[in-house]
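Morning, everyone. Please look at the sequence and the model on the screen. I'll walk you through them.

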Amino acid sequence: MKKGMNPYVAGALAGLLLIVSVAVNGNYFGSSTAIVQLVGMLGKAISPEWTTRIEYFTVVDPALSWQIFFVVGILIGSLGAALICGDFKWQTILELWAKTRGTNKVGRMTIAFIGGVIALFGARLAGGCPSGQLSAMALLSVSGLLAMGMFFIVGIVVARLVYGGVSK
C-alpha cells in the first residue's frame with residue numbers, strides 16, 4: 001500500500017475548496033443537514049402528511065440541496081483520492097479493530113452504526129458537523145476553534161478507550 005496524500009497538502013486543498021465554495025456560491029462547508037434532508041425526503045415519499053407535521057422540517061427543507069451534492073462530492077472525491085494514491089481496498093473490519101476487538105462483522109457494523117447515530121445527533125444538537133465547524137474555524141470563530149479542539153481531545157480519548165495502547 002502506498003503512503004497516501006500528504007496531510008498538509010490535503011488540508012491546504014480543503015482550505016482552497018472552502019474559499020472557492022464561498023466565493024462561487026456563498027456556502028460554507030456543512031454536511032449533517034444533508035442527512036436530515038434525505039430522511040425528510042424519504043418521509044415525504046412514504047407519508048407526506050406525517051412529515052409536514054414535524055416542526056423541524058419547517059426549518060430544514062427536506063429537498064435536494066447543495067449540501068446533498070457536497071456529501072456526494074465527498075464520497076466521489078475520497079474514492080478518487082484513494083484510487084490515485086493506491087490506498088483503496090474493500091474491507092469491513094480494519095486491521096487494528098480485528099487485532100483488538102476480533103473479526104465479528106455484525107458487531108463491528110453495529111458499533112459503527114451506533115457511533116454514527118450518536119455523532120449525527122451531536123452534530124444536529126450543536127448546530128453543525130465537523131465540516132461546518134471547519135468553516136467556523138476558518139473564520140476564526142471562538143466556537144469553531146473550541147469545537148475543533150474538542151473533536152481532537154474526544155477523538156483521542158475514545159481511540160484510547162476503544163483501542164487501548166495498541167498501535168498498527
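Along the sequence, the protein chain reads α-α-α-α-α-α-α-α-α. That comes to nine helices and zero strands. Helices here are DSSP runs of H or I with at least four residues, strands are E runs of at least two, and both are numbered from the N terminus. Along its principal axes, the C-alpha trace spans about 50 × 40 × 35 Å.

A word on the source. This is a predicted model, where local features need pLDDT of at least 70 and side-chain atom pairs count only at 80 or more, while totals for chains, interfaces and linings use all residues. Residues are numbered from 1 along each chain as its sequence is written, and side-chain values use heavy atoms, leaving out hydrogens and water.

Now helix H7, residues 105-126. How far apart are its end C-alpha atoms? They are 31 Å apart, which agrees with the 32 Å that its 22 residues should span at 1.5 Å a residue. The expected span is 1.5 Å times one less than the number of residues.

Next, the largest pocket. Its volume is about 750 Å³, taken as the space filled by probe spheres set on grid points joined across faces, edges and corners. A pocket is an open set of points on a 1 Å grid over the protein atoms alone, where a 1.4 Å probe fits, with protein on both sides within 12 Å along at least five of seven lines; lining residues have an atom within 4 Å of a point. Of the 26 lining residues, the closest to the centre are Gly115, Ile118, Ala119, Phe151 and Val154. H7 gives the most to the lining, eleven residues.
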